[in-house]
Amino acid sequence: MPSPPDIAAARCRIGVIGGGSWGTVLADLLAAKGFPLQLWAFEREVVEQINHQRENRLFLPGIALSPRLRASHDLAET
C-alpha cells in the first residue's frame, strides 16, 4: 500500500511562484518528496540555471537542486 505522501503526490500538481531563495528551497523540498511541480522565476537566467545546471546561482549558489524540479518564466504555464 502506498504511503500518504505517495498518494498525495500522484493527485496534485504544485506551482511555486517566486524563484528566490525561499521559493527555490520550498520547490526543491517538494520535488525531492516526489511532488510534480513547477517553479516560476522572473529572472530568465535563474530559470536556465535551474533547468540546465540544477542550481540557482543567483539566490542559492552552491546548492544542488532536485532533478525533478522544473523552472519556467511563463506564469500561465506554472
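**Exercise 1. Which pattern does the protein chain follow when read along the sequence?**

*Solution.* Keep in mind that we are working with a predicted model. Start by counting elements: the protein chain has three helices and three strands. Now walk along the sequence, and you will find the pattern α-β-α-β-α-β.

**Exercise 2. Work out how the strands are joined, and how the chain crosses between them.**

*Solution.* Step one: take β1 (residues 14-17) and β2, which run parallel and are joined by four bridges. Here Gly 15 has Gln 38 in β2 as its bridge partner.

Step two: move on to β2 and β3, a parallel pair with three bridges. Gln 38 turns up again, with Arg 70 of β3 as bridge partner. The chain gets from β2 to β3 through helix α3 (residues 44-53), in a right-handed β-α-β crossover.

Step three: look back at β1, which forms a right-handed β-α-β unit with helix α2 (residues 21-32) and β2.

**Exercise 3. Which residues of strand β2 point one way, and which the other?**

*Solution.* In β2 (residues 37-40), Leu 37 and Leu 39 point one way. Gln 38 and Trp 40 point the other way, and all of these residues are buried.

**Exercise 4. Is Thr 78 buried or exposed?**

*Solution.* First, find Thr 78 in the segment after β3 (70-72). Next, compare values: buried means under 20% relative accessible area. Thr 78 has 17% relative accessibility, so Thr 78 counts as buried. Finally, check its surroundings: leaving out residues up to four places away in sequence, Thr 78 touches several residues, including Gly 15, Gln 38 and Ser 72.

Definitions and conventions: Residues numbered from 1 in each chain as written. Predicted model: local features only at pLDDT ≥ 70, side-chain atom pairs only at ≥ 80, totals over all residues. Heavy atoms only, no water. Helix = DSSP H or I, 4+ residues; strand = E, 2+ residues; numbered from the N terminus. Buried < 20%, exposed > 50% of the residue type's maximum accessible area, 1.4 Å probe, protein only. Contact = heavy atoms within 4.5 Å. Pairing = 2+ DSSP bridges. Right-handed = clockwise from strand over helix to strand, strands pointing away.
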